[in-house]
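Subject: Structure for you to look at

Dear colleague,

Please find the structure below, and have it open beside this message as you read. My notes on it follow directly after.

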Amino acid sequence: MTTPGVDDAVRAQRPLTERRLHPVTPLRRAWAPVAVLIGWAVHDPDQAQRHLTRLTTTTLLLALAVLVPAAALYGFLTWWFTHFAVTDTELRIRTGLVFRRSAHIRLERIQAIDVTQPLLARVAGVAKLKLDVIGTDKKDELAFLGADEARALRAELLARAAGFAPETAHEVGEAPSQQLLRVPPGVLAVSLLLTGATWGTLAAAAVVPTVLWLLTESAWTVLATALPLFGAAGASSVGRFVSEYDWTVGESPDGLRLDHGLLDRAHETVPPGRVQTVRIVEPLLWRRRGWVRVELDVAGSSNSVLLPVAPREVAESVVARVLPGVIVPPRASLSRPPRRAGRCMPLWWRGYGLAVTDAVFAAGSGLFSRSLALVPHAKVQSVRLTQGPWERLWGVADVHVDTGANKTVTARLRDAQEAAELLRAQAERSRTGRKGARPDRWMV
């Protein structure tokens, strides 16, 4: 029989095995010096053009002969001086050629690990590992690892974060996943075409440059205005289609698995117990088809979409898996603000609503694009009541609920007496809700 003290001493004496990233990594990092030059040229194109016209062919060839090997050497050295290792309690990452950086990531503070594969990485058979860690805004990452190595390391780190012994964590493997639903590409394409923001941006991209041309007759002004507008329109339609293509939701012991992407594939996980807010969004043109979009606020994570489009019944069943025991209140059950709230916000006051159940604080908003935000009582960090001078005149107030994801959900234009009672009652619900909250650990 061994004692914990002896086990700890034996583990402390084990040699620490450091590993390097995949050998193709230098090719990615070699672009950094070239990107600096391209950025300078784009920032000041006139000066860059003047410098280029002064250079002879021989000078350009010599510059390339120096730049290409220097970039290759930079990429190799940054790869050579990057190491990572997994200990019994943490993941260590050492990087830096001139300025050294050492990150010690406690395994129990890891709340999500995503595997992403940009297009060229898929061709090369490598993947990027991104880690969501409690208390950090920026993700640490390991780019790049072999695709199989990345998945094996992800499974090992999650197993250790869940409390498995270091000797057996690498044998656990990735938790099995059962597919819940898949969004067909045709449905996704139609949903984007029925999104008002896409058509609004396209209309602005067509009208604004035309008006500017009639007023200024300056091609540069038109281009400077048209390109960002068309880019925004593309990002809201084509960009979203490429990013959300083949969206698949699966369920596993470590949370809901999200796989998506046409060119860049992403393998993400919604951490259990870390979801702070769920929003069900219903654009105007989706209502006849009964479609909704489900968005998330996850503490310390960048995951923001759970379902890009799905029938309401299916979406509500998935929400019930993210927030066990929660039933989404129907729109008709939301209580509206008093009619005098219309004097503070004409017409739009009709889009606000509130429902408080035993499990969630639910606030609705929007007349055309409807949104219903659900906050579990256990995730409420603070409750605030605000009342401007015009609201005081008409006896209404706003109640704000702050969550652990630094987000706020607001019940707008409630009766002042009701708001005061809601403030007191919600504080009590939050205290009692936290006592029975789910643990924020993997595979529990």
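Leucine 347 is exposed, with a relative accessible area of 52%, where exposed means over 50%, buried under 20%, and partly exposed in between, with a 1.4 Å probe and protein chains only. This leucine lies in the loop between H12 and E14, and its phi is positive, at about 65 degrees, although leucine 347 is not a glycine. Most residues other than glycine have a negative phi, and most peptide bonds are trans. Please keep in mind that this is a predicted model, in which local features need pLDDT of at least 70 and side-chain atom pairs count only at pLDDT 80 or more, while totals for chains, interfaces and linings use all residues. Residues are numbered from 1 along each chain as its sequence is written, and side-chain values use heavy atoms, with hydrogens and water left out.

The loop between helix H12 (312-322) and strand E14 (353-356) also holds arginine 339, the helices (H or I, at least four residues) and strands (E, at least two) being DSSP runs numbered from the N terminus. Arginine 339 counts as exposed because its relative accessibility is 64%.

Leucine 413 sits in strand E19 and counts as buried, at 1% relative accessibility.

Strand E19 (residues 408-415) runs antiparallel to strand E18 (residues 396-403), and 6 bridges join them; two strands are taken to pair if DSSP finds at least two bridges between them. Within this pairing, valine 399 has alanine 411 of E19 as its bridge partner. The hairpin of E18 and E19 has 4 residues between the strands, and asparagine 406 takes a positive phi near 60 degrees there.

Another backbone feature to look at is the peptide bond from alanine 143 to phenylalanine 144, which is cis, with omega near 10 degrees. Phenylalanine 144 belongs to strand E6 (residues 140-146).

Lastly, threonine 89 lies in the loop between strand E1 (83-86) and strand E2 (90-95), and with a relative accessible area of 36% it is partly exposed. The C-alpha atoms of threonine 89 and isoleucine 105 are separated by 8.5 Å, the two residues being 16 residues apart along the chain.
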